[in-house]
Amino acid sequence: MDARQLWLRFEPYHDVTYFTPESRAATDALGCKGGWMGYFGMRAAPLGAASPELVTAVFYNFAPRMVARALPDAWAVASPAEYLRVRLEGVDLALRRMLSSVDTPEIAEAADLARSAALAVDVAGRPLAAANRALPWPTAPHLALWHACTILREARGDGHVAALVTHGIGPCQALALYAREHSLDPAYMRTARGWSLEEWEAVSDLPGDLAAVEHATDAAALAPWEALGAAGTSRFIELMTPLALRIASANDAMRVNPMALDPVRELAVPGWNT
């Protein structure tokens, strides 16, 4: 099983949570001041009215000042329960726009497989995965699939943070290393996560073994798929590939991203089109 190939398929489905016009419109209507307040409010909402210090620690690679511009003010705009409500509404609208249909047997089957994998996640030491899995499951299959993808995505992210800490790579340093290894614009990466030029330069030349971190992240992310089994995992990949490609092609907001995620290029399915 290839953990990265699985990630390439569930990450785009999860990312509609934050980076779509529907998501932005939902949090704007709630009263958020800017897209980042909506992002922090929706992503942190499963934790409750979390402090900026807690969110900075759990999200890991954002500069503390960037988080503090959104929290705790976001909780004065609306309760965590309201952020959870509008994020699901935004996801529903975005998926309905980007997919030709959300009421298909394939989506229902993918949702069942993804739910089985998500329920097999060991959430010990994985706060975002645990908090999301504690939420009620949506009943509509396309939203149940999104919920499962979100749990799997946050579980992988929690494991990635653990690997970075284990290898002694700090938040800003991790971004600098990643930008260098993937030829990403340092100025874009700094701005996307709120770090100053001085903070960036202080860590940009520090060594760090990102390959070892990625290997540890992948290894820690395999357990749910091993529980699902080879046949179920292969079927999930088969079902999610066209969904990931369609979403990646339709989601203009994710054309450039700090993860260097490009499913259309990386999945490279011959003859695929929208």
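This dialogue goes through a few features of the structure above.

User: What kind of model is this, and how are residues numbered?

Analyst: This is a predicted model; local features need pLDDT of at least 70, side-chain atom pairs count only at pLDDT 80 or more, and totals for chains, interfaces and linings use all residues. Residues are numbered from 1 along each chain as its sequence is written, and side-chain values use heavy atoms, with hydrogens and water left out.

User: Which residues touch the most other members of the largest nonpolar core?

Analyst: In soluble globular proteins, nonpolar side chains tend to be buried together. A nonpolar core is a set of buried Ala, Val, Leu, Ile, Met, Phe, Trp, Tyr and Cys residues joined through side-chain atoms within 4.5 Å. Buried means under 20% relative accessible area, exposed over 50%, partly exposed in between (1.4 Å probe, protein chains only). Here the largest core has 41 residues, and Y13, L95, L145 and F236 touch the most other members. Its largest share, 9 residues, comes from α10. Helices (H or I, at least four residues) are DSSP runs, numbered from the N terminus.

User: What is L145 in contact with, beyond its neighbours within four places in sequence?

Analyst: Contact means heavy atoms within 4.5 Å. The partners of L145 include Y13, I107, F236 and M240. Another core, of 25 residues, lies apart; V55 and W75 are among them.

User: Where do the buried residues of α14 fall, seen down its axis?

Analyst: An α-helix has 3.6 residues a turn, so residues three or four places apart point the same way. In α14 (residues 210-220), L210, V213 and T217 are the buried residues. They fall within an arc of 55 degrees, so they line one face of the helix. The arc is that of the directions from the helix axis to the C-beta atoms. These buried residues pack against α10 and α11 (171-181). On the other side, A211 and H215 are exposed.

User: Are Y60 and S183 buried or exposed?

Analyst: Y60 is buried, at 11% relative accessible area. S183 is exposed, at 70% relative accessibility.

Notes. Helices (H or I, at least four residues) and strands (E, at least two) are DSSP runs, numbered from the N terminus.
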